[in-house]
Amino acid sequence: MPQPNMKKIFEGLLFIAGDEGLSVEQIKSCLEDDKTAEDIEKLLDEMMKEYLEDDRRGYEMVRFGGIYKFVSKQDIHPYAEKMFASTKISTLSQAALETLAIIAYKQPITRGEIEEIRGVGCDMMVRKLLARNLIKECGRSDAPGRPFLYEVTDEFMDAFKLESLKELPELPTFHEDEDSELFED
């Protein structure tokens, strides 16, 4: 039986995974052979370099927090801005709306804080909202690593027809005794 093209397999798996990306362990679990995590990581790192150096492609492979995924190259950003500017807010996904709401209510906020609230990674969602000019970087946090802080833009305010953030609906308040009633037997 011929040896499978592992790069082709990894590329297909990463494409299917989309914005969520895959860890080395997730990729390893899909394979039937005895590839080690180190072998897989070495091949993925080699692929990252190949995609980065290939000027014929508009995307590259990156690794964030041990997760490999495809993203558009930096020089595509101005074109993505134009594409997203021409689409309506109503076309935002549920995940995009959730991320946008968190930023609007909690700004300035870091990506890590957004992910803690949502419970899932949001790197690609933040990139998409930046490309649509609905959010912007507004400095850096004093937290370790000095992550970017995000806030909504004037375009967000226009899109949602808001004069100020005070017009956002109030969030419901929960008290500890109310929460405990929900979980009683």
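Helices (H or I, at least four residues) and strands (E, at least two) are DSSP runs, numbered from the N terminus. The structure is a predicted model, in which local features need pLDDT of at least 70 and side-chain atom pairs count only at pLDDT 80 or more, while totals for chains, interfaces and linings use all residues. Residues are numbered from 1 along each chain as its sequence is written, and side-chain values use heavy atoms, with hydrogens and water left out.

**Backbone features in loops**

Most residues other than glycine have a negative phi, and most peptide bonds are trans. K161 is found in the loop between α8 (154-159) and α9 (176-182), and N133 is placed in the loop between α7 and β5 (135-140). Neither is a glycine, yet phi is positive in K161 and in N133. For relative accessible area, buried means under 20%, exposed over 50% and partly exposed in between (1.4 Å probe, protein chains only).

| Residue | Phi | Relative accessible area | Class |
|---|---|---|---|
| N133 | about 60° | 35% | partly exposed |
| K161 | near 55° | 70% | exposed |

The peptide bond from Q107 to P108 is cis, with omega near -10°. P108 belongs to the loop between α5 and β4 (109-110).

**The sheet**

Strands β1, β3 and β2 form an open sheet in the order β1-β3-β2, with antiparallel pairing; two strands pair if DSSP finds at least two bridges between them. The edge strands, each pairing on one side only, are β1 (22-23) and β2 (59-64). Two bridges join β1 to β3 (residues 67-72), whereas β2 and β3 are paired over six bridges. Y68 in β3 is the bridge partner of L22 and also of R63. A hairpin is formed by β2 and β3, with two residues between them, and G65 in its turn has a positive phi of about 55°.

Helix α7 (residues 123-131) lies across β2 and β3 and runs at about 15° to β3. Axes are lines fitted to C-alpha atoms, for helices over the stretch in contact, and angles run from 0 to 180 degrees between N-to-C directions.

**Helices α5 and α6**

Helix α5 (residues 94-106) packs against helix α6 (residues 111-118) at an angle of about 120°, with their axes 10 Å apart. The two are therefore oblique to each other; angles under 35 degrees count as roughly parallel, over 145 as roughly antiparallel, 65 to 115 as roughly perpendicular and the rest as oblique. On the α5 side, A95, E98, T99, I102, I103 and K106 meet I114, I117 and R118 of α6, where contact means heavy atoms within 4.5 Å.
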